[in-house]
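Try each one before reading its solution.

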Amino acid sequence: MKSLLLLVTILFISALCGQGQESKRAQPSPWEKSVVSLEVSRRQYDYYQPWTRKTSRVQKTGILLDGRQILTTADELFDRTLVRLQKNGRGRWYSGEVTWIDYYANLALVTTSEEGFWNGLKPATFGGSVSEEASLQILRWREGNLENRRAEFTQYTVREGQLAALNVPVIEADSDIQNAGWGEIVTANSHVVAILSSQEGRMCTSIPGPFIQSILDARQKDRYHGLGYFHFYWQGAQNPASLARLKLTGDPRGAIVSSVPPRPDGLDPVIRTQDIILNIDGHDLDIQGDYVDPEYGNMMLEALATRNKWAGDDVKMTIWRDGALTNIVYKLPKFDYSVSLVPAATFDHEPEYLILGGLVFQPLTDSYLQSWGSDWRRRAPFRLVYYRTEQPTKEEPALVLMSQVLPDPYNIGYQEQKCLVVDKINGRHISRLTDLREALDNPKNGYHVIEFAQSDSLRSIVLAAGDSEKEATTRILKRYGIDESYHFESKEKQEK
Amino acid sequence: MAPARRRPFSTSIVDGPNLSEILDLGQRGLDHSGGAYHFQSVLKQIATLLLAAAWLNLCQAADPERSVIQIFTFAQQPIWDAPWRFDAVRRMGGSGFVIKGKRIMTNAHVVSWGRQIIVRRYQDPRPYVAEVEYIGHDCDLAVLSVQDEHFFENLEPLELGDLPKVRSAVVTYGYPAGGEEISYTRGVVSRIEMETYAHIGNRRLLTCQTDAAINPGNSGGPVIQDDRVVGVAFQGMAGLENAGFFIPTTVIEHFLKDIEDKRYDGFPFAGIRLMPLQNPAYRSYLKLPDNDLGARVDGILPIPSTEKMLHFDDVLMRIGEFPVASDGTILYHGNRVSSALAFQWAQANECVPVQVWREGHQVDVSLPVVAYQGDRAAGYQYDSLPRYLVYGGLVFTPLSLDYLRTLGRNTPEISIGESYYELYYKKFEDPTNARPEPIVLASVLADSVNANLRVRGRTLVDRINGTRVNQLEDVVKALENSTNDFDLLEFLPRDSFETLDHAEVTKANSRILKTYGISKDRRL
């Protein structure tokens, strides 16, 4: 009897213990069915040797939306060779395909044609704006588990985008998550509220849900033509003397336009220097150039260029000009890397170059300057970096530089020359490699005369044209293991 | 960029002994004017003993160290972004040597910005006050005089020798840091080349490199070979071990000849950028034989005489007595050095005969050479205090390398970039629009009259009240001659601007000067 009692007791205790273990097991998060991993393989270019290729691989996070679309950031999806998807943080990888990408907005949609991937997954939805008290969670798959890190909301603000010098709304939050900024999902109250685009220390910057949703909606309605922006410089009106000089009546308010460069699309700028912008699309501006956004609170006026408005859309402005109120309509120009004198990015394009007798010519781009490493703004040649502050003109829409000389008897005497911006070749002005190629077809009396931009460095080089040039180029390509003497964009793009 | 790699070699002790401490020893021994008689008597005895010991040492000392002088300079530099103020007094240690005419030769950097210069003889404790008689900042040389005639008693001037040969032995004499006594170091001349003189930063003159240790404090000391001075020790190079540099007699003699008319003009400048001409195609294009002679004119500075007499793509075949090689060098005493040296034989405003190959023909040119001042702001400046104007708490001052050095790493890149471009590139790229004296708003001295300004300084000034600012006088005129109620100040880049209430500023000016302890609102 005692033995039976002991057995019953043991069984009862075991049962209790079993129940305890069951209750301790973590409940699967509903987000496990919506958050996916992406693995991106891509080409990497060495712009100092533009004919070489490397590859790199990065792991990112995406969130499943309706319509079998996975949303992630566009970062690291450029020059991609392979995109793979994985669900549940483990198991097999599925081949992915990018269906839409916008580097300026730093957003991309990815899908897969493999049916098996979608089984068991559940689309997520975007929530609205985040309140100050909201508890934010950052989610991503890590070592087979869904990592869930708390983040403390700091503010909505306007910052330059991760991939473009374009002011866009962002959420800033504080978190102890490590190595983030690769599309991790930010949630609050069972909704996606943002996706993480960058991290610096504990400060996490993410793209807010309402901004993403507005782009996706506009895209669905075929209204999205890229992000627009205000193509002028302005400053706050905190200085009462400035407002008095401009004879503004009433309370101090508005943002004062300080500089209006020519528009890249050639349209009338409409706005003028010393205009005071008082209202944009119904939003009054305070003396700091801020307005009260219904979703984000106080935001810089730049956010009104992307608040449900896209490139080509009209923005209504009330301005103070010459002592009177005036209403104007400002058409938002499209932000494009190529409208800068030094393009900020050349995503999805292989580096262009042309080799003439060992002289290597390349377009001057940020990608080239970034060859100097993470501190390239200080380490790259000053003059080349300073070109970034200059505006393109009709005569000078872009720049070509002689980046280096591959030593050979043909170019003896020039081997140490590098980083020189080309002005003319054989009397023809050079802005693009296509100009350069055409100029080389017309040597001057058997010589190629290469003139560099007037600066504190070398002004000209002369090379022999004709057979010796061709022989030298062939010899140099062989010696330096280079397959082609040039690489340009496709012919269509050149003509465009 | 600023010549950061090279450094002039005087010692600098910011927190070292002060002026009175340094003078203490001498006054104890020699000053009879104060204190109790007994104490004076003791002092007299000590002084006599010290002097006797010093004299004995002088007699025993072998030449030429008796003529090597220890120099202490108490220097005070202006603060370039607060130009009415000065840095703390710094004690700089250096060396020098006696030359003909009862003078001491040393480096310009040893005595620059000196408030007081103290010189001491070999093993003689007595300090003497010296003064700068002539100073050449471009060649980093100075000549000092000492009022007290006793200083030069029994001191033989050192004779100048010739340019030493490479690999020949030299001995440096001086008072480097790490001890009080004279120091000798032996080495050989490693090479002779044109090098940047770090003291001014934007001039290249002939330089000898040696492996004899040249350390802080050696600056200004003689480099001796066969009892003759073959150079003046002056700088080192960061990252190079066993390498010091001295100024050869070629440069010293040019300096001494220059000051014969009791004025220092400076080393002449041809004002051209000469590039090697070694590519057969370029030589053939210019109809030159494919030999090793001739270098090409690739750029010309805005010096009227040079612009008139030399052209782009001229080939210089001979400068003075020196044939110019295709790599742009001349052969000087067996050393291949930059042909710029050939122009430096002349004194400023003299003419140098130049043989030029132009459009397939030989042309003889007599090229006037000048001591170019157009790039003064691009090098380190001395002697003249920085110009400035304080208006409404806004501090305007000329852009210069010295000013740029005050900018910390936290200064926005855009501000640095704009100033740097204006100082170093604009005159080459856009000479017609380059400003003779670009002006910066260095800082804003906080006051209620400027409290609402967003700009806080570190900004290049573009226009004031519609007037383009080309020099500091333009700022003064634009602000003081304005009859508008408001002053409009426009800055670079991106045309940011600020407005000041003219009447309010007029009222505030004296208050601001008083608050910040500025005795004068301008130095023009």
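**Exercise 1.** What percentage of the 496 residues of chain A count as buried?

*Solution.* Bear in mind that this is a predicted model. A residue counts as buried if 20 or more other C-beta atoms lie within 10 Å of its own. By that test, 38% of the 496 residues of chain A are buried. Take the contacts in chain A with a separation of 6 or more: 60% of them come from residues 24 or more positions apart.

**Exercise 2.** Find the closed barrel in chain A and state the order of its strands.

*Solution.* Start with the order: six strands run E7-E8-E9-E12-E11-E10 in chain A, with antiparallel pairing. Next, look at the angles: neighbouring strands of this sheet are turned by 45° against each other on average, direction ignored. Then pick one pair: E9(A) and E12(A) run antiparallel and are joined by four bridges. Within that pair, Glu172(A) has Thr205(A) of E12(A) as its bridge partner.

**Exercise 3.** Check whether the length of helix H2 of chain A fits its number of residues, then work out what its buried residues pack against.

*Solution.* Helix H2 covers residues 209-220, which is 12 residues. At 1.5 Å a residue it should span 16 Å, and because its end C-alpha atoms are 16 Å apart, the two values agree. Now list the buried residues of H2(A): Gly209(A), Pro210(A), Phe211(A), Ile212(A), Ile215(A) and Leu216(A). In chain A, these pack against strand E6 (107-111), strand E9 (167-175), strand E11 (191-200) and strand E12 (203-208). Just after H2(A), look for Asp222(A), which takes a positive phi of about 60°.

**Exercise 4.** How many residues does each chain bring to the contact, and which elements of chain A take part?

*Solution.* Chain A brings 32 residues and chain B brings 31 residues. On the side of chain A that touches chain B, at least two residues each come from strand E13 (233-236), helix H3 (240-245), strand E14 (255-259), helix H6 (382-386) and strand E27 (460-464). H3(A) gives the largest share, five residues. Sorted by class, this side of chain A has 13 nonpolar, 14 polar and five charged residues.

How values were computed. Residues numbered from 1 in each chain as written. Chains lettered and ligands numbered in written order. Predicted model: local features only at pLDDT ≥ 70, side-chain atom pairs only at ≥ 80, totals over all residues. Expected span 1.5 Å × (residues − 1). Buried ≥ 20, exposed ≤ 12 C-beta atoms within 10 Å, placed from the backbone. Contact = placed C-beta atoms within 7 Å. Nonpolar A, V, L, I, M, F, W, Y, C, P; charged D, E, K, R; others polar. Pairing = 2+ DSSP bridges. Axes fitted to C-alpha atoms, helices over the stretch in contact; angles between N-to-C directions.
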